[in-house]
Amino acid sequence: MQSETRKQLLKLFTEAGGAFLSGQKISEQLGCSRTAVWKHIEDLRKEGFEVEAVRRLGYRLKQMPDKLNANEVQLGLKTKRFGWNVYDQESVPSTQQLAHQLAHEGAEEGTIVIAEEQTAGRGRLNRSWHSPKGTGIWMSLILRPSIPPQQAPQLTLLVAVAVAEAIQEVTNIVPDIKWPNDILVNGKKVAGILTELQADPDQVRAVIVGIGMNVNQKQFPNDIAPIATSLALETGRTFHRPKIVQTLLQKLEQLYGQYLQHGFLPIKLLWEGYAVTIGQQIVARTLNGAIRGVALGITDSGTLKVQTEDGAIHYIYSADIEIKKE
Amino acid sequence: MLKIQEIRELIRLVNESNIVEFVYEHDGSKIKMKKAGAAEQVVVATPKVDVPQTSVVQQQPPVTPVVEKVEVKEEAKPEKQVVATENLHTITSPMVGTFYAAPSPDAAPYVKVGDKVKKDTIVCIVEAMKLFNEIEAEVDGEIVEVLVKNGQLVEYGQPLFLVKPE
C-alpha cells in the first residue's frame, strides 16, 4: 500500500501530462513543505522514474520504469474507484489467494492485487497458469455487488467483454471470446479469467476476479505453445503493461456500472459481438461426458445453448468447449 | 438383516419424523414400525438394495415410495420435510452449476461422511460459467450425508449435504 500523498502526487503528474509542475504548486496541492516534495520526488527516482528538475520551472516526469506496480497503474488512471487501492507484489504464489484474504478482511470494492510474477498461478480446477516474471498482467480485482449468488456467473462474461475491449483498444486486434470467457487471438489463448465467490446463501459478499493476460512473452514452453499466445507475438510489438491495466480497469468499471444499473442484457449484446462459439460445431466436455452439437447462443443468464443432432437442446453451465474445425 | 444399532437408529429417526408407519423389507426380512394412536396410514415401500445403513429414512422419499394421504406439497420437497423434522442442517446450492467435491480432479474431497466441520469449513465448490463458489458448512457439526455426486449438475436450492449440528 502507498501513502495518500504519493497517490496525489501521481494524480498531479497525470493531470500535467508531461508539462512542468512547480515545486510551489505541488507543495500547495499536497499540503506539505517543499522539502517534503523533494523527498517524495527522490523516492520516485529510486523506484526507476526519471524526473527532470529545472530551476524556476519545477518538476517534469520524463520516463516511467517498465514495472507493474501501484505507481505505474495510478499514473494516468482515469477510473473513479477501480485500482485506487492497490496491493503490488514482486512475487506471489497467486494474486487470487492474496485477494481472497484481503476480501475476507474487508477490502473495499475496486481493490486490486497485481504481481510481477506468480509462482503458483492457477486456472479452472487448479490447472496451473504460466505466469513468468515481468511479461504479463497477473491481477485480481475485488467486487462487492449487491446481487444474489445465482446471478454472479454473469460477471464472468462481463469481465470477458472488458478484457476483449481493452485488448482491442490498446492493440487494434479484435480478439474472440470462447464461451464463457476465454480470450483468444487467432485461436490461441491470450487471456484467461477465473472468478471466485465469497457468498452467504442469499447475498454475495465479494467476487474475486482473476485475470491473467499474456502481453510481452516472446515464447512459451513447448507444452502450451500450440494453445497460448501473447499480444507481442501477435503484433510484433511490445506493450506498456500499466497502460493495459489502466484501460482494463476503465472498461471494467464502466461495464460493471452498466450492469448494476441496467442488468445483463447490454453486456450480453457486447459479449455476442466478440463470441466465436456461436453457430459453430462444438464439443462441450464435462466431468460426466461430452455433448456434441451446434452452439445456438447464450440465454439471458449467460448459459450456453447447444443443439445436438437429434434436435434436443442442452443448457451448458460448465464445460470445456472445443470448436470443431470445418 | 440390519444390525441392532441400525434398527435403533431407524426407530429414533422414524420417531422424530412425522412418518406414522414404516415398513422395510429386504432379503426376506421385514421391519414394520407404527406409531401408537396413528390415525393416518402412511406406507413406505422400500425398493431393493443399495440403501446405505442409517440413511434409510432420508433416502426413501426421493425414490418414489407409495405415499398415501400426504399432501402434494410435502411430496414435492421430500428431503426438506424429513430433514426439518430431524433437526439436521441442509446445505443447499446457492446457484445452478456443477458440483465439485474436491478442489481438483485428483485431490481428496473437501469433506466426507463423519467429518467434523466448522461454520466456515469449505465443503464443496459449485461452478457455473467459470465462476467458482466455495460453499461453507454454515453450522458447526458433523457431515451425515453427501447427497450429490462429483461433477453432477445441481439446481438452485438443491440439498447438497446433511449436517448434524453440534
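Predicted model: local features only at pLDDT ≥ 70, side-chain atom pairs only at ≥ 80, totals over all residues.

Modeller: Let's start with a bridge: Val283(A) has Arg292(A) as its partner in E11(A). Residues are numbered from 1 along each chain as its sequence is written, chains are lettered from A and ligands numbered from 1 in the order written, and side-chain values use heavy atoms, leaving out hydrogens and water.

Back to that bridge. Strand E10 (residues 281-286) of chain A runs antiparallel to strand E11 (residues 289-298) of chain A, with 6 bridges joining them (strands pair if DSSP finds at least two bridges between them). Strands here are DSSP runs of E, at least two residues, and helices are H or I, at least four, each numbered from the N terminus. E10(A) and E11(A) make a hairpin, with 2 residues between them.

Follow E11(A) onwards and there's another hairpin, this time with E12(A): 5 residues lie between the two strands, and Gly302(A) in the turn has a positive phi of about 100 degrees. The pairing of E11(A) with E12(A) is antiparallel over 4 bridges, and Val294(A) stands opposite Gln307(A) of E12(A).

Past E12, Asp310(A) sits in the loop between strand E12 (304-307) and strand E13 (313-316) of chain A. Asp310(A) counts as exposed, at 64% relative accessibility (buried is under 20%, exposed over 50%, partly exposed in between, with a 1.4 Å probe and protein chains only). Its C-alpha atom is 33 Å from that of Pro266(A), which is 44 residues away along the chain.

Phe82(A) and Tyr256(A) are a tilted pair, because their ring centres are 5.7 Å apart and their planes at 45 degrees. Phe82(A) is in the loop between helix H4 (70-74) and strand E3 (86-92) of chain A, and Tyr256(A) is in helix H8 (residues 241-262) of chain A, so the pair ties together parts 174 residues apart in sequence. Both ends are tucked away: Phe82(A) is buried at 2% relative accessibility, and Tyr256(A) is buried at 4%.

In chain B, Phe99(B) and Phe161(B) are tilted too, 5.9 Å centre to centre with 50 degrees between the planes. Phe99(B) belongs to strand E4 (residues 97-100) and Phe161(B) to strand E10 (residues 159-165) of chain B, so this pair links parts 62 residues apart in sequence. Phe99(B) and Phe161(B) are both buried.

E10 of chain B also belongs to an open, antiparallel sheet of 4 strands, in the order E3-E10-E8-E5. Its edge strands, E3 (89-92) and E5 (116-117) of chain B, each pair on one side only. Strand E8 (residues 141-146) of chain B runs antiparallel to E10(B) over 5 bridges, with Glu142(B) opposite Lys164(B).

Technical notes. Phe/Tyr/Trp six-rings, centres within 6.5 Å; stacked < 30°, edge-to-face > 60°.
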